[in-house]
Amino acid sequence: RDTDAHTMGGGGAGKRKTRAAGEEGVDADDDPENLALQVVAQKPKTVDDRAVSIVGVPSQQPHPKPGMNRTSSLDAPIMLLEGHGDAVNSVKFSPDGATVASCGADKTVLMWNVRGDCENYMMMQGHKNSVLELHWTADGDNILTCSPDKTLRLWDATTGESVKCMKGHQSFVNACSAAPKGKPLCVSGSDDGTAKLWDFRRKGEVATFADRFQVTAVAFDTEGDRFFSGGLDNVLKCWDIRNDAEPYMVLPGHTDTITGIAVAPDGSHVLTNAMDCTLRAWDVRSYAPEDRCVKYYVGHQHNFEKGMLKCGWSPDGARVTAGSACRNVFVWDFDSRRVLYKLPGHEGAVNEVTFHPKEPIIGSAGSDGKIFLGELAD
């Protein structure tokens, strides 16, 4: 086990002031699907074992209608989680939906309860630089992270210990992804122009997949036998993990760097978010049309910050989402490409939006250091 990393529990200590949505009414013409992500509950953050009380400030955004039908187990329709000392880069719900994990530029990984007061109960430290992305393993026992400190780490989600530190990249590690089934594998993408395959049971990488440009996004497919990568060459590539010589599928189309990749729950399509301000859906089935880019979605933005804005799918594959520099949370209908939700509330770029695995809840991570958990209408 890594001796450099350590855990601090009890992040939920300290007094909290909460404000439940619906305390004040809104005009009958307000559309609940376009309500802002307002301040509902603010949580304390832990810095060097000191619990700092955060006093909530009511949002100026409209509140939900009194008596609005609730669709989730959240204490309030919208919850605000604060604890990170800098931008939040990634947020993910655990497979059972009981916990949400977040990581950020403050070099920490924080664990939060989804229900109740959404208490921050654990902090994990060990990376020497910003934590850029995290993923839960399929069994929910571990969390995988990557960092510009050139390493990946595997954390015990129960104890918070760093159980494995993976070294081998020669530059920043921009992205990572854990295999959803099969062997305990993960893949990483780096500024050194390679993607690497790792086995949690072995020391060192299993294979190296060389590219000509920096790799900024990676994602395993649903079967765990291939993965997708994207980078500064604006091209989506598909690799077989048994053949590191060259990708067997190359899909051009974007006109700027790919910053996020997500595979559909049924494995039929892949989403890519890019700095050209488009979200594209690719048909990656064996007998797909020659033009595999079957849909694209617009509305969200990248800006001069050139952030690694990610993308994601709802559990049923009916909705898609992507981070945006315009500070809004976007959710589209996959088939019609219609914007279902455009939710303000963040005061900085939205780096990632993620869906709860079992309930109509989304989580968003922002450069403003905030995490919102929001209840969708259905």
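Modeller: There is 1 cavity of 30 Å³ or more. A cavity is a set of points on a 1 Å grid over the protein atoms alone, where a 1.4 Å probe fits but cannot get out. Points are joined across faces, edges and corners, and the volume is the space filled by probe spheres set on them. This is a predicted model, where local features need pLDDT of at least 70 and side-chain atom pairs pLDDT 80 or more, while totals for chains, interfaces and linings use all residues. Residues are numbered from 1 along each chain as its sequence is written, and side-chain values use heavy atoms, with hydrogens and water left out.

Biologist: How much space lies in the largest cavity, and which elements give two or more residues to its lining?

Modeller: The space is about 60 Å³. Lining residues have an atom within 4 Å of a point. Among them are Leu132, Glu133, Asn174, Thr216, Gly260, Met308 and Lys310. Strand 13 (173-178), strand 17 (215-220) and strand 21 (258-263) each give two or more. Strands are DSSP runs (E, at least two residues), numbered from the N terminus.

Biologist: How does the lining divide into nonpolar, polar and charged residues?

Modeller: It has 6 nonpolar, 4 polar and 2 charged residues. Ala, Val, Leu, Ile, Met, Phe, Trp, Tyr, Cys and Pro count as nonpolar, Asp, Glu, Lys and Arg as charged, and the others, Gly among them, as polar.

Biologist: Now sheets. In what order do the 4 strands of the open sheet come?

Modeller: Strands of a sheet pair through backbone hydrogen bonds, either parallel or antiparallel. Here the order is 9-10-11-12, with antiparallel pairing. Strand 9 (133-136) and strand 12 (162-167) are the edges, each pairing on one side only. Two strands pair if DSSP finds at least two bridges between them. Strand 10 (residues 142-146) and strand 11 (residues 151-156) share 5 bridges. In one of these, Cys146 partners Leu152.

Biologist: Is Ala179 buried or exposed?

Modeller: Buried means under 20% relative accessible area, exposed over 50%, partly exposed in between (1.4 Å probe, protein chains only). Ala179 is at 8%, so it counts as buried. Ala179 lies in the loop between strand 13 and strand 14 (185-190). Beyond four places in sequence, Ala179 contacts Ala138, Leu185, Cys186 and Phe220. Contact means heavy atoms within 4.5 Å. Ala179 and Phe220 are 41 residues apart in sequence, yet 5.7 Å apart in space, C-alpha to C-alpha.

Biologist: Why does Lys370 count as buried?

Modeller: Because its relative accessibility is 11%. Lys370 belongs to strand 31 (residues 370-375). Not counting residues up to four places away, Lys370 touches several residues, including Glu82, His346 and Glu347.

Definitions and conventions:
1 Å grid on protein atoms, 1.4 Å probe; cavity = no way out; pocket = protein on both sides within 12 Å on 5 of 7 lines; lining within 4 Å.
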